[in-house]
Amino acid sequence: MERRVIFSGRLFPILLLTPQLIVTIVFFFWPAAQALRQSVERQDAFGLSTEFVGAANFAGIFADPAYLASVEVSFVFSVAVAVLALMPSLLLAVMADRVVRGANLYKTLLVLPYAIAPAIAGVLWLFLFNPSFGIVGSLLRRVGIDWNYLLDARQALLLVILAAAWKQIGYNFLFFLAGLQAIPKSLIEAAALDGASASRRFWRIVFPLLAPTSFFLLVVNIVYAFFDTFGVIQNVTQGGPGQATQILVYKVWYDGVAGLDLGGSAAQSVILMAIVIALTAIQFRFVERRVHYG
Amino acid sequence: MKPVILAATAAAVGFSAIGAASAEPTAVQWWHAMTAANAAVVNQIADDFNAAQSEYKIVPVFKGTYAETMNAGIAAYRAGKGPDILQIFEVGTATMMAARGAVMPVYRLMKEAGEAFDRNAYLPAVTGYYSTADGKMLSLPFNSSTAIVYWNKDLFKKAGLDPDRPPKTWPETFAIAAKLRTAGVPCGFTAAWISWTQLEQFSAWHNLPFASKADGFDGPDARLEFNNPTVVRHIAKLAAAEKDRSFDYGGRTSEPEGKFVSGECGMIQTSSAAYGIFKNGAKFEFGTTELPYYPDVPGAPQNSIIGGASLWVMAGKTPLEYKGVAKFFTFLSQTALQQKLHEVTGYLPITKAAYDATKESGFYAKHPGREIPILQMTAKPPTENSRGLRLGNLVQIRDIIAQDLEAVFAGKEDAQAGLDDAVKRGNALLAQFQAKIQ
């Protein structure tokens with residue numbers, strides 16, 4: 001089954017790889033190496049004095065209750081975002097799969113939120129839900145709900161979870177829809193002839209066959225919630241109230257850029273790097289293996 | 001070939017023979033964080049300076065928010081490409097001061113460039129923030145403001161209050177706020193820049209230490225001290241008022257200003273530089289007055305402290321560039337220019353002469369309330385509790401304070417526990433800063 005393209009020399013394949021390699025080295029390996037180096041150093045903001053401190057930055061992080069709180073927030077946030085971004089998109093995909101007329105219009109509209117940058121999504125949700133000037137926010141207050149995510153930690157977390165999940169639904173929708181369309185119609189028709197109800201057909205046939213897609217999306221969504229939601233947090237809550245919405249990647253930015261603590265921030269990025277490597281490894285082990293290239 | 005081209009170019013752009021012989025003006029890069037009307041002022045100043053002489057050319061470059069500008073300056077310095085002049089907000093002062101090798105102190109710059117420079121010409125309440133403990137000015141104040149109170153006269157009338165009598169003390173503030181609530185106003189008062197107005201300004205105004213070592217002026221081993229009984233009592237009162245919305249927290253930085261402009265809150269404590277925003281945005285009459293104080297605190301009111309930004313000169317430039325920077329600073333300090341800046345932007349004048357000239361011009365008589373910030377800052381000679389703050393990592397310390405205040409206002413912690421926690425976490429950051437610079 002294995003297919004190979006045979007090049008006559010080595011130079012040509014290397015030449016073809018060069019652009020991609022340069023991009024990878026400049027934008028991935030080089031910064032990663034710098035983060036590794038800075039994570040074991042203590043340096044003032046201007047780089048006037050640098051001191052090797054070994055694992056002190058890491059020790060500092062794990063002794064910092066704010067960091068541990070941030071780990072907890074990140075896990076709650078990512079799991080909630082992943083679940084809330086996956087379930088509605090599966091429902092929408094199943095619905096859209098049945099639509100006959102105007103299917104493309106529905107699909108385009110459903111995918112649209114994915115085209116919005118996280119920062120813009122954050123601003124949109126801010127203008128909707130701010131207790132003072134948000135349209136929905138002031139409506140909630142008018143009907144007697146004490147809506148004030150500036151002080152209420154649970155409301156704040158809920159808001160950023162919804163905003164982050166909403167943005168990801170379009171992406172998940174696309175994959176689910178593709179997954180659904182790849183399921184042979186004959187299987188479903190056969191089940192229908194055997195008398196299986198619609199919900200039984202879905203749970204016994206469609207859902208299991210979608211499992212690889214679902215698992216892939218679960219990993220992608222967790223990675224998204226961990227790393228790509230900075231713009232939402234920055235624009236809606238800035239990590240507050242207290243530290244209720246301070247996820248790990250926000251803290252990396254905050255300590256490094258606002259706080260100018262390069263060593264501590266680099267050490268946190270190294271930990272995040274380890275997390276993303278682990279997630280990618282899981283994905284390859286369980287998902288990519290089943291994918292058949294050829 | 002070459003001389004022909006040169007001559008042709010010179011002729012084409014209309015240079016005289018002398019013009020072609022003299023060198024290009026020395027460029028002086030000025031990175032700033034001013035937006036909208038204030039950005040226009042920055043560009044106007046640069047244009048005026050460039051038109052007034054031909055040896056130097058000020059090039060203003062907008063670099064984003066204060067924090068972004070500071071980061072851009074630091075990153076550029078690390079890459080060896082820093083600007084000549086960098087605008088840094090007041091909370092970045094300690095970081096800049098600690099970076100001894102990276103900055104050129106203003107007093108030395110002026111001396112070496114041979115520019116006349118008398119630090120006594122500047123308002124001490126402003127320059128104190130940017131000077132060493134022994135009075136050497138390290139950066140040039142550019143835009144300075146202080147915290148004041150704005151009140152909505154229409155809402156005062158609605159609540160049956162005298163619209164021309166704002167509260168003078170904190171007990172009066174809470175009483176008036178409660179009356180506003182009773183009259184159906186959604187929020188009695190709010191405060192922007194919560195740490196700055198309710199802890200930093202509050203401490204200076206009541207002559208209390210925010211931190212030890214003269215609020216950090218006497219050394220980087222200063223530690224926070226704002227968990228004292230007076231501040232704790234005040235925060236507890238705010239938290240109690242939050243319950244019935246006679247006080248309503250609205251965010252960590254300038255967000256609460258929206259609650260005042262929209263007519264939601266009857267009063268706000270925020271920067272004097274918000275004047276223009278309110279003037280343009282508010283559909284009601286408002287007034288400005290001094291910050292309230294607790295009459296039972298001895299020595300109160302003392303004087304308030306400044307916010308805003310100053311201009312830092314980066315190290316490693318040529319003597320010629322430094323000469324240009326020095327000439328520009330002299331230009332900036334001119335009375336007429338300072339007076340105009342003060343009147344247009346709502347920031348404070350930085351020299352005594354500019355203040356006097358504004359007074360004599362009758363500006364304050366025509367715009368009552370615009371003198372409040374200066375009067376409040378210069379009411380008494382500053383003590384070691386009211387010169388300003390000189391604390392490292394102050395950006396994060398402010399956020400820590402805001403985090404704990406949010407917990408207190410939400411009723412999750414009491415005021416003492418919240419402030420103790422902020423002191424503890426803030427002190428860890430001060431210790432970290434101290435370790436880094438020593």
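1. In this predicted model, domain 1 and domain 2 of chain B bury about 1400 Å² between them, with carbon and sulfur atoms giving 58% of that area; buried area here is the accessible area (1.4 Å probe) that two parts lose on being put together, summed over both. V91(B), Y129(B) and I306(B) supply 34% of what domain 1 of chain B buries against domain 2 of chain B, more than any other three residues.

2. The domain assignment of chain B gives domain 1 as 2-144 + 306-366 and domain 2 as 146-305 + 383-437, the bounds coming from an automatic or database assignment. Taken over C-alpha atoms, the centres of the two domains are 31 Å apart, and the contact (heavy atoms within 4.5 Å) takes 18 residues from domain 1 of chain B and 17 residues from domain 2 of chain B.

3. Between the two domains the count is 1 salt bridge, defined as a side-chain nitrogen of Lys or Arg within 4 Å of a carboxyl oxygen of Asp or Glu. The side chains of R398(B) and E90(B) meet in a salt bridge at 3.1 Å, N to O.

4. On the side of domain 1 of chain B that touches domain 2 of chain B, α5(B) gives the most, with 5 residues, helices being DSSP runs (H or I, at least four residues) numbered from the N terminus.

5. Two conventions apply: residues are numbered from 1 along each chain as its sequence is written, and chains are lettered from A in the order in which they are written. Local features need pLDDT of at least 70, side-chain atom pairs count only at pLDDT 80 or more, and totals for interfaces use all residues, while side-chain values use heavy atoms, with hydrogens and water left out.

Key. Helix = DSSP H or I, 4+ residues; strand = E, 2+ residues; numbered from the N terminus.
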